[in-house]
Amino acid sequence: MRPTLATSPSAVEAAALEATARLHFPTLPADHPRAWRWFLPLEPNETIVGLGERPGSMLQRGRRAVMWNSDNFSYGPDAERLYQSIPFWITIRRGRARGIFIDDTHRVGFDVGRKREAVFEAAAEDGDFQVYWLEGPTVREVVERFAALTGRPPLPPLWALGYQQCRWSYATQDWVERVARGFREPHSVRRPLHRHRLHRGLPVVHRELRALPNFPGMIAGLGKLGFRIVSIVDPGLKVDPAWSVYADGAARGYYVKNPKGADWVGTVWPGASVFPDFTRPEVREWWGSLYAPLVEAGVAGFWNDMNEPSVFDGP
């Protein structure tokens with residue numbers, strides 16, 4: 001396959017303007033210096049899979065995708081973007097698979113033969129044109145090489161690989177215990193049990209443990225039934241000066257800043273929220289210390305909700 005890259009100022013401007021109208025990009029200035037567009041030919045029987053995270057079929061021919069994280073909790077089957085952006089796809093042509101990964105964290109849009117049946121198009125509003133071409137010839141080999149390139153996660157404990165029960169939200173200790181006992185009927189299997197509380201992120205336990213009068217005892221009892229408890233961690237902290245966790249982080253200057261040097265405020269589950277700056281070691285150390293009450297109570301694992309940067313009111 002021979003790619004075509006738009007590099008002249010006029011071609012780049014044309015690509016940016018078309019992308020604005022067709023791939024849901026915000027309006028770009030006419031002199032935008034780094035927008036790019038890339039074309040690849042599509043054969044009639046070529047299969048394209050990937051470009052996650054999105055709902056619907058794994059087959060991407062005739063679809064569009066936008067790599068721009070969106071907390072789209074009411075999405076439908078044709079949503080073009082969701083919580084994660086993975087600008088990687090696998091093409092299977094004449095029985096041979098190869099993977100393509102675009103290393104660009106700016107907004108990137110893809111048209112997989114929807115506008116023109118024989119053309120795969122990628123367009124970015126900014127960023128360097130860095131593309132990794134991963135040869136197969138099998139899909140398995142492509143995925144292995146992609147994992148080697150981007151990093152493999154550590155193997156989770158075996159108990160985490162089974163069926164898991166989660167909902168938003170179990171309001172009382174009695175409710176949690178009744179649900180657990182229900183899973184111990186003869187037809188049930190052993191599984192982890194998530195306590196899904198999202199309103200204030202991880203430090204919610206400092207306020208909401210009042211609904212669980214014996215949290216360590218509850219976990220111990222569930223353990224006897226074969227359950228392990230996983231708590232959700234949500235690093236979007238509600239702006240609330242009366243809340244000790246928020247106030248402590250604000251006093252230390254630990255939150256992400258806007259260009260003017262003030263705390264950057266976005267909207268997630270609690271409403272107006274701030275976000276710890278995890279690029280700083282001291283912030284990571286502080287955030288990690290907030291896990292202590294849960295670990296000491298016997299919580300077996302943590303689910304990093306909102307682990308990807310995403311807000312409700314973003315572009």
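Two strands count as paired if DSSP finds at least two bridges between them. I also keep in mind that helices (H or I, at least four residues) and strands (E, at least two) are DSSP runs, numbered from the N terminus.

**Ground rules.** I'm looking at a predicted model, where local features need pLDDT of at least 70, side-chain atom pairs count only at pLDDT 80 or more, and totals for chains, interfaces and linings use all residues. Residues are numbered from 1 along each chain as its sequence is written, and side-chain values use heavy atoms, with hydrogens and water left out.

**Entry 1, strands around β14.** I looked up β12 (residues 237–238) and found it paired with β14 (residues 271–274), antiparallel, over two bridges. Lysine 238 has serine 273 of β14 as its bridge partner. β14 also pairs with β13 (residues 266–268), again in the antiparallel sense, over three bridges. Here valine 268 sits opposite glycine 271 of β14. I noted that β13 and β14 make a hairpin with two residues between them.

**Entry 2, the open sheet.** Next I traced four strands in the order β3-β5-β6-β9, with antiparallel pairing. β3 and β9 (131–135) are at the edges with a single partner strand each, so one side of each has no neighbour in the sheet. On average, neighbouring strands are turned by 20° against each other, direction ignored. I checked β5 against β6 (residues 96–102) and got six bridges, antiparallel. Threonine 91 stands opposite arginine 98 in β6. Helix α2 (residues 139–150) packs on this sheet and touches β5, β6 and β9; contact means heavy atoms within 4.5 Å. The direction of α2 makes about 25° with that of β6.

I then took α3 (residues 173–182) and α5 (residues 215–224), which pack at about 0° with axes 11 Å apart. Axes are lines fitted to C-alpha atoms, for helices over the stretch in contact, and angles run from 0 to 180 degrees between N-to-C directions. That makes α3 roughly parallel to α5 (the label for angles under 35 degrees). On the α3 side I listed Gln173, Val176, Glu177 and Ala180; on the α5 side, Phe215, Met218 and Leu222.

Which strands each supply at least two residues of the lining of the second largest pocket? I found β3 (47–50) and β5 (88–93).

Methods
Angles under 35 degrees count as roughly parallel, over 145 as roughly antiparallel, 65 to 115 as roughly perpendicular and the rest as oblique.
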